[in-house]
Amino acid sequence: MGLYGEFGGGGFALGRFASPWICSTFTTTAPWIALASAGVERYSLRVLLTYRFVKGSFSLVGLGAGASLLSWRKFLLIDGEALCGWKIVVGGALECWVQRLTPSGPPMLA
């Protein structure tokens with residue numbers, strides 16, 4: 001389940017299958033899902049490569065991508081690339097943070 005949440009875009013399947021129900025049940029969310037869907041359809045590569053880095057956009061863009069006409073294959077390809085980039089950036093930042101906390105560097109194994 002964690003792999004789906006990490007690689008599945010945080011709501012692509014939910015947006016694909018349940019967006020009509022979500023929009024009719026929670027009417028205030030319909031314009032936001034429509035906006036995310038239109039953004040994904042128009043700027044799919046740019047939006048999907050950067051949405052992991054913008055706080056609060058992960059769920060909305062995932063739902064919008066699912067509600068859009070974007071194919072599963074294209075979404076998984078672009079989202080997989082974004083996931084790798086996100087892991088590299090976050091991993092690099094974490095490594096720099098750990099090195100700052102330990103002035104002598106990371107502990108060496110004997």
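Colleague: At what angle do the axes of helix H3 and helix H5 cross?
Modeller: The axes of helix H3 (residues 30–42) and helix H5 (residues 58–67) cross at roughly 70° and come within 7 Å. Axes here are lines fitted to C-alpha atoms, for helices over the stretch in contact, and angles run from 0 to 180 degrees between N-to-C directions. Helices are DSSP runs of H or I with at least four residues, strands are runs of E with at least two, and both are numbered from the N terminus.

Colleague: Are H3 and H5 roughly perpendicular or roughly parallel to each other?
Modeller: H3 and H5 are roughly perpendicular to each other. The classes are roughly parallel under 35 degrees, roughly antiparallel over 145, roughly perpendicular from 65 to 115, and oblique for the rest.

Colleague: Which residues make that contact?
Modeller: From H3, the contact is made by Trp32, Ile33, Ala36, Ser37 and Val40, and from H5 by Leu60, Val61, Gly64, Ala65 and Ala67. Contact means heavy atoms within 4.5 Å. By class, the contact of H3 with H5 has eight nonpolar, two polar and no charged residues. Ala, Val, Leu, Ile, Met, Phe, Trp, Tyr, Cys and Pro count as nonpolar, Asp, Glu, Lys and Arg as charged, and the others, Gly among them, as polar.

Colleague: What kind of model is this?
Modeller: This is a predicted model, in which local features need pLDDT of at least 70 and side-chain atom pairs count only at pLDDT 80 or more, while totals for chains, interfaces and linings use all residues. Residues are numbered from 1 along each chain as its sequence is written, and side-chain values use heavy atoms, with hydrogens and water left out.

Colleague: How many helices and strands does the protein chain have?
Modeller: The protein chain has six helices and zero strands. Along the sequence, the pattern reads α-α-α-α-α-α. Of the contacts between residues at least 6 apart in sequence, 77% join residues at least 24 apart.

Colleague: Back to H5: how does H2 pack with H5?
Modeller: H2 and H5 pack at about 80°, and their axes are 6 Å apart. That makes H2 roughly perpendicular to H5. On the H2 side, the contact is made by Phe12, Leu14, Gly15, Arg16, Ser19 and Ile22, and on the H5 side by Gly62, Leu63, Ala65, Gly66 and Ala67. By class, this contact of H2 with H5 has six nonpolar, four polar and one charged residues.

Colleague: Which residues of H5 are buried?
Modeller: In H5, Val61, Gly62, Leu63, Gly64, Ala65 and Gly66 are buried. Buried means under 20% relative accessible area, exposed means over 50%, and partly exposed is in between, with a 1.4 Å probe and protein chains only. What covers these buried residues includes H2, H3, helix H4 (44–50) and H6. In the protein chain, buried residues make up 31% of the 110 residues.

Colleague: Turning to rings, how many aromatic pairs are there?
Modeller: The count comes to four aromatic pairs. Rings of Phe, Tyr and Trp (its six-membered ring) pair if their centres lie within 6.5 Å; planes under 30 degrees apart count as stacked, over 60 as edge-to-face and the rest as tilted. Phe12 and Trp72 form an edge-to-face pair, with 4.6 Å centre to centre and 80° between the planes. This pair links distant parts of the chain, since Phe12 is in helix H2 (residues 12–25) and Trp72 in helix H6 (residues 72–101), 60 residues apart.

Colleague: Is Phe12 buried or exposed?
Modeller: Phe12 is buried, at a relative accessible area of 0%. Trp72 counts as partly exposed, with 35% relative accessibility.

Colleague: Which ring pair do Phe17 and Trp72 form?
Modeller: Phe17 and Trp72 form a tilted pair, 6.4 Å centre to centre with 35° between the planes. Phe17 counts as exposed, at 63% relative accessibility. Ring pairs link Phe12, Phe17, Trp72 and Phe75 into a cluster.

Colleague: Next topic: which residue forms a salt bridge with Asp79?
Modeller: Asp79 forms a salt bridge with Arg52, and their closest N and O atoms are 3.1 Å apart. A salt bridge is a side-chain nitrogen of Lys or Arg within 4 Å of a carboxyl oxygen of Asp or Glu. Asp79 lies in helix H6 and Arg52 in the loop between H4 and H5, so the pair ties together parts that are 27 residues apart in sequence. Both Asp79 and Arg52 are buried.

Colleague: What does Phe53 touch?
Modeller: Phe53 touches Gly85, Trp86 and Val89, not counting residues up to four places away in sequence. Phe53 is in the loop between H4 and H5 and counts as partly exposed, at 43% relative accessibility.
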